[in-house]
Amino acid sequence: MPSDARFHRPVRLSTEKFERYQGAGSPEDLAAAAQASARALLTRGRANEDPSVTKRLVHYTDEFGIEAVAELWSRAAPVTVAGALWRIYALRGIIRANSQLLSHYYERGMHSSYLAQALAGVPSPPTADEICATVDAILAGAYTGDFDVALNRFGAFCRVLALGQDDVALELRHGQQVSPRDWHPDDGFELHRPSAEVRDEAAARAVRLRSAARRLTGTARELEEAALRWRAGTLD
């Protein structure tokens with residue numbers, strides 16, 4: 001079989017594309033297939049002790065594109081095996097494509113919740129490479145360790161990112177490049193206030209960031225609930 005028939009260029013999702021991403025149609029049989037395929041992948045991955053197999057599972061969407069799992073999993077209920085795996089793989093793609101920016105958000109949020117930071121396990125300071133490596137390690141842990149621990153770690157990771165986005169959003173809401181509290185007449189320069197256009201743009205970005213932070217926090221709750229159900233043996 002020709003190589004170009006087996007492989008294709010992976011699809012890179014921006015944050016905005018992920019937010020509005022729609023999978024294939026979702027009749028009842030597709031929903032059942034989503035759960036069956038997700039459980040089969042997870043079970044086989046966890047049964048295999050070959051590190052190269054785990055590595056291929058982690059990097060699956062890098063090779064075949066995010067649509068390879070989106071077709072079945074993107075519309076799965078959040079608190080299911082398929083829904084949880086979809087969120088991890090999809091967010092992993094976003095993180096890898098925007099690692100520099102997201103490492104900045106993560107650093108801004110890590111001091112707001114030491115518990116979440118400790119659970120997520122990202123080294124400090126969190127570089128772009130370390131952010132990507134940690135997410136890969138968490139996903140690998142889903143196949144090599146306790147699935148519920150991996151879900152909780154990724155949930156904590158999402159919480160720290162959300163806290164960082166909220167922190168940046170709060171800063172943007174001020175709409176000032178120099179804060180009045182930091183300015184003194186003896187400094188020898190005038191307080192610089194951005195134009196109304198710049199302030200409006202900053203305010204709009206702050207709204208988007210806060211909205212994204214709420215979605216990330218919601219994803220964290222879903223992953224944590226999935227972890228609880230996995231431990232209880234009731235996760236579909």
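Is Arg229 buried, exposed or partly exposed? Arg229 counts as partly exposed, at 33% relative accessibility. The cut-offs: buried is under 20% relative accessible area, exposed is over 50%, and partly exposed lies in between, with a 1.4 Å probe and protein chains only.

Ground rules now. This is a predicted model, so local features need pLDDT of at least 70, side-chain atom pairs count only at pLDDT 80 or more, and totals for chains, interfaces and linings use all residues. Residues are numbered from 1 along each chain as its sequence is written, and side-chain values use heavy atoms, with hydrogens and water left out.

Confidence next. pLDDT is the predictor's confidence in each residue, from 0 to 100. The chain has a mean pLDDT of 78, and 77% of its residues reach 70 or more. Residues 1–26 have pLDDT below 50, and beyond near neighbours in sequence this stretch has 47 contacts in the model. Residues 176–191 also fall below 50, with 11 such contacts. A contact here means heavy atoms within 4.5 Å. Where pLDDT is low, the predicted coordinates should not be read in detail.

Overall layout. The chain has 12 helices and zero strands. Helices are DSSP runs of H or I, at least four residues; strands are runs of E, at least two; numbering starts from the N terminus. Of the 236 residues, 40% count as buried. Take contacts between residues at least 6 apart in sequence: 78% of them join residues at least 24 apart. The accessible surface is about 13,100 Å², and 52% of that belongs to carbon and sulfur atoms. That area comes from the Shrake-Rupley method with a 1.4 Å probe; for residues, only the protein chains shown count as cover.

On to the core. The largest nonpolar core has 60 residues. Its biggest share, 13 residues, comes from helix α11, residues 147–173. By nonpolar core I mean buried Ala, Val, Leu, Ile, Met, Phe, Trp, Tyr and Cys residues joined through side-chain atoms within 4.5 Å. The residues with the most contacts inside this core are Trp73, Tyr89, Tyr106, Leu151, Phe154 and Phe157.

Tyr106 takes us to helix α8, residues 99–109. Ser99, Leu102, Ser103, Tyr105, Tyr106 and Gly109 are buried there. Down the axis of α8, these buried residues fall within an arc of 160°, so they line one face of the helix. That arc is taken over directions from the helix axis to the C-beta atoms. What does Tyr106 touch, not counting residues up to four places away in sequence? Its partners are Gln117, Ala120, Val122, Pro126, Ile131, Phe157, Val160 and Leu161. Ser103 is buried at 5% relative accessibility. Leaving aside neighbours within four places in sequence, Ser103 contacts Pro126, Thr127, Ala128 and Ile131.

Now Leu223, in helix α12, residues 196–232. Leu223 is buried, with a relative accessible area of 1%. Beyond four places in sequence, Leu223 touches Ala84, Ile88, Leu151, Phe154 and Gly155. Val81 is 142 residues away along the chain, yet the two C-alpha atoms are separated by 9.8 Å.

Last topic: charges. The whole structure has 11 salt bridges. The criterion is a side-chain nitrogen of Lys or Arg within 4 Å of a carboxyl oxygen of Asp or Glu.

Arg87 and Glu222 meet at 3.1 Å, N to O. Arg87 is buried at 14% relative accessible area, whereas Glu222 is partly exposed at 25%.

Glu171 and Arg108 form another bridge, at 3.4 Å. Here helix α11 is joined to helix α8, and the partners are 63 residues apart. Glu171 is partly exposed at 47%, and Arg108 is partly exposed at 22%.

Back to Arg229. Its salt-bridge partner is Glu225, with the closest N and O atoms 3.0 Å apart. Finally, salt bridges that share partners join Asp62, Arg92, Arg96 and Asp136 into one network.
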